[in-house]
Amino acid sequence: MTAPIPRLPLRDDLFLLGHDDDTGHPHVHRQTLALGLAGAVLIDLYLAGRVTLDPNDDTRPASHPRIHPHIDRPVGDLIADAATATIRHTHPPLRVWLRGFSDDLYDRTRAGLVAGGILRQHTRRRLGGLMRADTYLPTDSKWAVIARSRLRYLAAGREQPDNHTAALAGLVADLGLTSHLYLDDDTATLTSRLKAIAAQHYQPVRDITAAVDAAIGDLATAAYR
């Protein structure tokens, strides 16, 4: 009997969907993807009951909730435990935390996928060996295929959304990755469908996804200044 394929953390699913399977090139700017990864880490912590969001803080409006630790013990995941440590004493505002924690999260997530055997580093040398280019490619295409398939089934109404996949749908839509799911649907229609699925999620998960979207918007605004 074949053992079931373990589910990856939400951040790893998002990282894989954010890259071309054949070239390893990111579909969106790395900083944009890193903000999505930070949101994914926080959503996983919330779904595991390890953090809460408090929109009723005395010093912040409801649109800027703070993050509070709920269960404060290590889970054995380096990135998740690092996230918990940054929240433990400061109870940071959500958008501030996303920007800060995303700083080197792209590289840390990629390193974790390499350590887990899901990505493999490939090095090419050009110009007589003077130039080095590193790419990171999946060791098995099944991981990204599984994530895409779950979103496909949701979009087609063939499955009820679970917490993980509904959150992934919202992040994929907000990061502009729907055109890279290799589905036949019109991109705008598919994006709307995924957002509608994500809108059924818990309010704190919707708040996190909305904060990721707002932080991405801030990046775009800063780039045009």
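Reader: What share of the 225 residues in the protein chain is made up of buried residues?

Author: Buried residues make up 43% of the chain. Keep in mind as we go that this is a predicted model.

Reader: What helices and strands does the protein chain have, and how do they run from the N terminus on?

Author: The chain has nine helices and four strands. From the N terminus on, their order is α-α-β-β-α-α-α-β-β-α-α-α-α.

Reader: Let me try a single residue. What makes Pro92 buried?

Author: Its relative accessible area is 9%. Buried means under 20%, so Pro92 counts as buried. You will find Pro92 in the loop between helix 3 (78-88) and helix 4.

Reader: Which residues is Pro92 in contact with, leaving aside its neighbours within four places in sequence?

Author: They are Pro65, Arg66, Ile67, Thr86, Ile87 and Trp97. Take Ile67 as one of them: Pro92 and Ile67 are 25 residues apart in sequence, yet their C-alpha atoms are 5.7 Å apart in space.

Reader: His91 is in that loop between helix 3 and helix 4 as well. Why is His91 called partly exposed?

Author: The relative accessibility of His91 is 28%.

Reader: Now the charged pairs, please. How do you know that Asp162 and Arg7 form a salt bridge?

Author: The closest N and O atoms of Asp162 and Arg7 are 3.1 Å apart. The rule asks for a side-chain nitrogen of Lys or Arg within 4 Å of a carboxyl oxygen of Asp or Glu, so this pair qualifies. By this rule the count comes to 10 salt bridges.

Reader: What parts does the pair of Asp162 and Arg7 tie together?

Author: Asp162 lies in the loop between helix 6 (142-155) and helix 7 (163-174), while Arg7 lies in the segment before helix 1 (10-17), so the pair ties together parts that are 155 residues apart in sequence. Asp162 is partly exposed at 31% relative accessible area, and Arg7 is partly exposed at 38%.

Reader: What makes Asp107 and Arg30 a salt bridge?

Author: Their closest N and O atoms are 2.8 Å apart. With the limit set at 4 Å, the pair meets the rule and so counts as a salt bridge. Asp107 sits in helix 5 (residues 105-115) and Arg30 in helix 2 (residues 30-47), so parts that are 77 residues apart in sequence are tied together.

Reader: Which helices hold Asp218 and Arg95?

Author: Asp218 belongs to helix 9 (residues 203-224) and Arg95 to helix 4 (residues 94-101). The side chains of Asp218 and Arg95 meet in a salt bridge, 3.0 Å from N to O. The pair ties together parts that are 123 residues apart in sequence. Asp218 is partly exposed at 34%, and so is Arg95, at 23%.

Reader: Which residues are linked in a network of salt bridges?

Author: Arg11, Asp12 and Asp77 are linked in such a network.

Reader: Let us turn to helix 6. How do you know that its reach is close to the expected one?

Author: Helix 6 has 14 residues and reaches 20 Å from its first C-alpha to its last, and 20 Å is also what is expected at 1.5 Å a residue. Helix 6 is followed by Gly157, whose phi is positive, near 75°.

Reader: What do the buried residues of helix 6 pack against?

Author: They pack against helix 1, helix 7 and helix 8 (187-198). Among the buried residues of helix 6 are Trp143, Ala144 and Leu151.

Reader: Why are helix 1 and helix 6 called roughly perpendicular?

Author: Helix 1 and helix 6 pack at an angle of about 100°, with their axes 9 Å apart. Angles of 65 to 115 degrees count as roughly perpendicular, and the two helices are therefore described that way. Where they meet, Asp13, Leu16 and Leu17 in helix 1 face residues of helix 6 including Trp143, Ala147 and Arg150.

Conventions:
Residues are numbered from 1 along each chain as its sequence is written. This is a predicted model: local features need pLDDT of at least 70, side-chain atom pairs count only at pLDDT 80 or more; totals for chains, interfaces and linings use all residues. Side-chain values use heavy atoms; hydrogens and water are left out. Buried means under 20% relative accessible area, exposed over 50%, partly exposed in between (1.4 Å probe, protein chains only). Contact means heavy atoms within 4.5 Å. The expected span of a helix is 1.5 Å times one less than its number of residues. Axes are lines fitted to C-alpha atoms, for helices over the stretch in contact, and angles run from 0 to 180 degrees between N-to-C directions. Angles under 35 degrees count as roughly parallel, over 145 as roughly antiparallel, 65 to 115 as roughly perpendicular and the rest as oblique.
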